[in-house]
Amino acid sequence: MRFLLAVALILYTGWTWATILPAEVAAMLDKHGVNRDDVSIWVQAVDADQPLVELNGQRQRNPASVAKLLTTSAGLIRLGRDYRWQTRFYVDALPDNNGVVHGNLYIEGGADPFLVEERLSAMIDTLRERGIRHITGNIVLDESLYRLPAEARDRESFDGNPWAAYNAVPNPLMVNFRTIKLTMRPQGGSVAFDLWPNIVNWKIDNQMNVNNGSCSKNYAPIVSIERDDMGYATVILKGRYSLQCGKREVTVVMGEAVEQFYYLFRDLWYQKGGTLDGAGAVGPHPAQAKLFYTGESLPLSELIAMMNQQSNNVMTRQLMLSLGVETYGRPGSLQKGRDAVINTLSAFGVDTHGMIIDNGAGLSRISRVTVAQLVMLMRSLYYSDKKQVFLDSLAVAGESGTLRKRYRGERLGGNLRGKTGTIDGVRAFAGFLRSKSGRDYVVVIIGNGKAALPSRYMQDDFFRWVEGK
């Protein structure tokens with residue numbers, strides 16, 4: 001049955017559909033001023049042989065964050081719902097009876113997309129429970145799982161805002177999504193700053209304009225970082241801060257991933273009573289090092305829900321790079337990740353001709369996919385053993401994720417689920433809608449260019465129309 005479905009879908013996308021545009025949908029396009037050349041729409045009941053609506057179905061579009069459906073689906077298909085990332089801890093020698101490791105502790109990054117402070121803290125608890133109290137050597141960080149080119153590694157910025165959390169660049173040792181927490185608080189007539197983790201070799205150059213005006217008009221911090229030839233960093237703080245604002249926190253992407261990881265690990269290690277003679281270092285663990293403990297991530301089924309519902313860019317990018325490693329071996333790379341997504345979807349029966357993955361998260365100007373390809377993927381998943389995990393990963397209107405504020409109190413709330421996509425010049429949606437008749441429809445709409453904003457405004461009318469079917 002699965003084989004016949006896949007063959008049918010392959011043939012199905014090969015057909016050249018004439019435009020299917022019901023009068024009601026045509027009227028919506030006109031009402032909202034949507035240029036028909038710049039929008040693609042496909043609506044099809046999951047059990048139907050042909051679409052209810054099809055406009056520019058085979059035209060390549062930029063999908064923005066809807067591209068995450070391609071990456072997370074490929075991860076689910078190839079790796080399985082129970083896949084877990086592994087952070088491995090090695091030692092030169094097992095701890096002695098006094099809990100002393102004579103030598104280094106090596107930490108090999110496994111690209112865990114959700115290695116946050118609480119989970120790292122739990123791993124440190126396990127190291128302590130298994131007998132490590134003191135390390136005579138260094139904490140050596142191994143980030144060799146994959147390597148990104150310099151242009152994708154150094155302060156990459158999609159939109160001229162390199163410090164924003166959504167622009168974070170993945171790393172095998174990524175912790176807290178590559179972010180630093182900057183806390184500001186009034187102190188006398190000035191403002192004091194704290195960093196977490198406390199990166200002690202960073203200096204703070206406070207150029208803040210501090211005043212006593214209203215907070216609403218005088219809170220505009222600007223944070224940047226500069227490094228000298230020796231690699232020492234200075235965090236530069238500019239902008240306005242009113243003492244009336246009280247304590248405030250800003251989360252920014254700054255510094256190197258290994259730098260963030262080391263100082264967070266070190267601070268937590270000390271907090272829990274551990275001691276260390278050495279410092280931080282970067283390099284692969286030696287072949288003779290002994291594997292002491294493996295910390296596992298949450299299962300992939302839970303993590304793709306975070307990626308799709310919250311539209312987490314760096315987590316999804318981390319997944320794509322991990323797919324490249326699992327498919328083609330170490331070291332991973334962007335190209336291996338892209339190839340893994342494309343080839344996994346193709347083997348699953350999806351027509352991938354002309355599809356461009358780029359970074360896997362949709363934060364891109366060159367990503368491309370057709371609405372026909374997205375419909376094919378979602379219908380294939382709907383009729384697979386991965387259906388429920390995939391459906392559970394999507395935001396639900398009125399309830400969760402990027403759709404939580406839409407259609408509350410309406411029947412659409414709870415009956416529309418999917419993935420949104422938004423960047424300049426792109427508004428997109430791909431998901432499932434259960435109509436009043438109880439029939440499930442795949443709904444995909446992507447507006448590019450001048451059609452982006454009006455196509456988003458049109459979505460409300462459009463979804464309600466499909467709901468009535």
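Begin by selecting serine 367, which counts as buried because its relative accessibility is 0% (buried means under 20% relative accessible area, with a 1.4 Å probe and protein chains only). This is a predicted model, in which local features need pLDDT of at least 70 and side-chain atom pairs count only at pLDDT 80 or more, while totals for chains, interfaces and linings use all residues. Residues are numbered from 1 along each chain as its sequence is written, and side-chain values use heavy atoms, with hydrogens and water left out.

Serine 367 lies in the loop between helix 9 (334-347) and helix 10 (371-382), where helices are DSSP runs of H or I with at least four residues, numbered from the N terminus. Show its side chain next, and you can follow it to the backbone oxygen of isoleucine 357 at 3.5 Å. Leaving aside residues up to four places away in sequence, serine 367 touches residues including Arg61, Asn62 and Pro63 (contact means heavy atoms within 4.5 Å).

Now move to leucine 323, which is found in helix 8. With 0% relative accessibility, leucine 323 also counts as buried. Among the residues that leucine 323 touches, not counting those up to four places away in sequence, are Thr71, Ala74, Ala340 and Val341. Select alanine 111 as well: leucine 323 and alanine 111 are 212 residues apart in sequence, yet 11 Å apart in space, C-alpha to C-alpha.

Finally, which helix supplies at least two residues of the lining of the second largest pocket? Helix 8 (313-328) does, and strand 19 (416-423) likewise supplies at least two.

How values were computed: Buried means under 20% relative accessible area, exposed over 50%, partly exposed in between (1.4 Å probe, protein chains only). A polar contact is a pair of N or O atoms within 3.5 Å; within protein, one must be able to donate a hydrogen and the other to accept it, and residues adjacent in sequence count only if both atoms are side-chain atoms.
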